[in-house]
Amino acid sequence: MDETLEKLAGFVTNKDSRLACAAAVVLAELAPREAAVTRTLAEALGKADALRRPFLVEALGRIGTPQAAEALVPLIRAGGPGAGEALRAVAHAGAGALKPLAALLKDVAQPPSAVKGGVNHDLRTKLAEAIARTGEPQGFAALIAELKDADEPSARAVREGIHRAAGALDEKGREALLRQALKALDTASFASHEPACLAALELAGDTGDPEALATLLGFATLKHPPRVRRAALLSVGRL
């Protein structure tokens, strides 16, 4: 590690909070990808108080490597104000955040008895939003895969998270989302699982892309259950 970076990273554990926070701000701007810097920030985060924590979280998010994103996972899992900070910061990581976030999403899978408004629902929603905000095709693939065998509360949580992110996606991100949704709806096992089908139909509508029209109209026919037909028609109205 560069000697200057080494000294700067060392300051984040300084007893002087002002110096430690200032060092974290500089590291956030530099966003060095050296593993040693990430380890130092992660160790400091594990012992940080409420004053230092946001600066360390931001620095890790700006660094954006998979290791940096992984360092934020315990904070996200713990919930509370720190989880929100970590989820916002990890959005900077882009593709680097996908693997640890997708793994955490699987870890907090809800039992069939879970209801909307529960802790897991809220966390799954926020995780899905963070993954979707990367705009990465592999992120949408992971999210759609989570829908495949999900119970209704779990599917709804993932769907809500993607919906929150959809409005901020660029054209490439919307295309990636639509591609994954249409691919899933073209798979019999996925389309026959109603919670997954409903979510994918709604997501296709979120993209606003007329390319989804033929698929949506196909699900609006009488051979499909009433809820599926309704979701398809509502999404047609949003194209």
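## Helix and salt-bridge briefing

Arg238 counts as partly exposed, with a relative accessibility of 36%. That residue belongs to a predicted model of a protein chain with 15 helices and zero strands. Salt bridges come to 15 in total, and a few of them are picked out below.

**The chain as a whole**
- The C-alpha trace spans about 70 × 35 × 25 Å along its principal axes.
- Of the 239 residues in the chain, 48% are buried.
- Take the contacts with a separation of 6 or more, and 67% of them join residues 24 or more positions apart.
- The chain exposes about 11600 Å², with carbon and sulfur atoms supplying 55% of that.
- There are 30 positive and 29 negative charges, and their mean positions sit 3 Å apart.

- Asp206 and Arg238 pair up in a salt bridge, with 2.6 Å between the closest N and O atoms.
- Asp206 lies in helix H13 (residues 194–207) and Arg238 in the segment after helix H15 (226–236), so this pair ties together parts 32 residues apart in sequence.
- Asp206 is buried, at 14% relative accessible area.
- Both residues also belong to a salt-bridge network that takes in Arg156, Arg159 and Glu202.

**Around helix H8**
- Setting aside neighbours within four places in sequence, Thr125 touches Ala157, Glu160, Gly161 and Arg164.
- Arg164 also forms a salt bridge with Glu129, the closest N and O atoms being 3.8 Å apart.
- Glu129 is in helix H8 and Arg164 in helix H10 (residues 152–166), so the bridge ties together parts 35 residues apart in sequence.
- Glu129 is buried at 16% relative accessible area, whereas Arg164 is partly exposed at 45%.

**The Arg77–Asp107 bridge**
- Arg77 and Asp107 meet side chain to side chain in a salt bridge of 3.3 Å, N to O.
- The two are 30 residues apart and link distant parts of the chain, with Arg77 in helix H5 and Asp107 in helix H7 (residues 98–107).
- Arg77 is partly exposed at 44% relative accessible area, while Asp107 is exposed at 51%.

**Helix H4**
- H4 covers residues 53–63, and its buried residues are Arg53, Leu56, Val57, Ala59, Leu60, Gly61 and Ile63.
- Those buried residues pack against helices H2 (17–30), H3 (35–47), H5 (66–78) and H6 (81–90).

Note on methods:
Residues numbered from 1 in each chain as written. Predicted model: local features only at pLDDT ≥ 70, side-chain atom pairs only at ≥ 80, totals over all residues. Heavy atoms only, no water. Helix = DSSP H or I, 4+ residues; strand = E, 2+ residues; numbered from the N terminus. Buried < 20%, exposed > 50% of the residue type's maximum accessible area, 1.4 Å probe, protein only. Contact = heavy atoms within 4.5 Å. Areas by Shrake-Rupley, 256 points an atom, 1.4 Å probe, with all protein chains shown as cover. Lys, Arg positive; Asp, Glu negative; His and termini not counted. Charge placed at Lys NZ, Arg CZ, Asp CG, Glu CD. Salt bridge = Lys/Arg side-chain N within 4 Å of Asp/Glu carboxyl O.
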